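Thanks for coming. I have one structure to go through today, so let me put it on the screen.

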Amino acid sequence: MKKTALLAVILTGALLILSMENFPSWGDVQSPASLHLSRHFIEKSYEQTLTPNLVTAVLGDYRGFDTMLETVVVFTAALACFLVIRLPRDVCTPGLFYYRHMGTGLVVRKHDACELPGENPTFERVDSDWPPHDVVVASTCRMVIPFIQLFGLYVVAHGHYSPGGGFQGGVIFAASYVLLAVSHDLRTLVHRLNERVTHLLSAAGVLLFFGVGLFGLAMGLNFLDYGALEGVLGMSLASGHSLGILLVEIGVGMTVTAALVIIFKLLSSRGTVTEGL
Amino acid sequence: MIWEIKLLALILVIICAIAAINAKDMLSAAVIFGIYSFMMCVQWLAMGAVDVAFTEAAIGAGISTALMLAAIFRTSRRTKD
């Protein structure tokens, strides 16, 4: 069976490689794809959308609906993960709890302490199966994380002009939180960005996108027409477009950041969101 | 971009794909998959698709590897097949 499958794979691959002969050569300006559609976008996109970056013009303007519903897909993915993996809040899991003395590094073990003691300045709780305690890793990550977040914000804000945008910037921003969870522990992440905040953020991003679209309708233009922002605060048409795309990118970035943090928290903690990777 | 580097990246893509399928340890499969994504990112860059390369680097090589590692950490590390 395995040999037949291998033969089938090799035959299909050979057929694909043979059929590549009929493709237009790479970057051929005479190929059908480059003759009509690409030329239209390259020549007309700036005067139609007033967006310097062609890719953003296609993603944000010509295919605004597509990008909006992609954001909804990301939001739905986070929601589905939450509904499937998350355990009910009031499940008290008895077991072993470990506390580390901050001064000496000694670890104390407590049996079945369902009621955890509150904030204690001399002891900190450590995970039972993942106790990261490394000063070098923790301090390096603490120094690097602000720069990663700044870069993420830059990518979101410059999606209008350069490669990047809401999706990429949101992912970079979420990666900084994942780094925080890996270098410290999951409770530090939950303390900084608790579940209420992430869920509100993921929904607010989608609502911001819809809101920009509905603003166009309210001003008597088409849905997601960024020209509607012209005249608001005395802006020109070009800066109206720019602000519209910036708002949309911020919305996408919020949803993507929150969704990825939600999924990471749930996956790494088996749905309890108390201790994990 | 120099064509030798492009060819090297393309060969590495194929090697990483085969290695990720054959690895018995899920952890190493996830890490090899991260390398695969990064080499794909180099390929997109060589083709001039900077936006796609950016997305591949951030999502493919970055966050999806972290999500896979989180899932492996909470399930089993060895494959049955």
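**Interface and core**

I'll start at the interface of chain A and chain B, where the rule finds 3 residue pairs in polar contact, both residues at pLDDT 80 or more. A polar contact here is a pair of N or O atoms within 3.5 Å; within protein, one must be able to donate a hydrogen and the other to accept it, and residues adjacent in sequence count only if both atoms are side-chain atoms. This is a predicted model: local features need pLDDT of at least 70, side-chain atom pairs count only at pLDDT 80 or more, and totals for chains, interfaces and linings use all residues. Residues are numbered from 1 along each chain as its sequence is written, chains are lettered from A and ligands numbered from 1 in the order in which they are written, and side-chain values use heavy atoms, with hydrogens and water left out.

Salt bridges across that interface (a side-chain nitrogen of Lys or Arg within 4 Å of a carboxyl oxygen of Asp or Glu) number 0. Chain A brings 24 residues to the contact and chain B 16, contact being heavy atoms within 4.5 Å. About 1800 Å² is buried between the two chains, 73% of it from carbon and sulfur atoms; that is accessible area (1.4 Å probe) lost on putting the two parts together, summed over both. Of what chain A buries against chain B, 27% comes from Pro163(A), Gln168(A) and Leu267(A), more than from any other three residues.

Now the core. The largest nonpolar core has 37 residues, and Leu189(A), Leu260(A) and Phe264(A) have the most contacts inside it. Such a core is a set of buried Ala, Val, Leu, Ile, Met, Phe, Trp, Tyr and Cys residues joined through side-chain atoms within 4.5 Å, buried meaning under 20% relative accessible area (1.4 Å probe, protein chains only).

Technical notes: Buried < 20%, exposed > 50% of the residue type's maximum accessible area, 1.4 Å probe, protein only.
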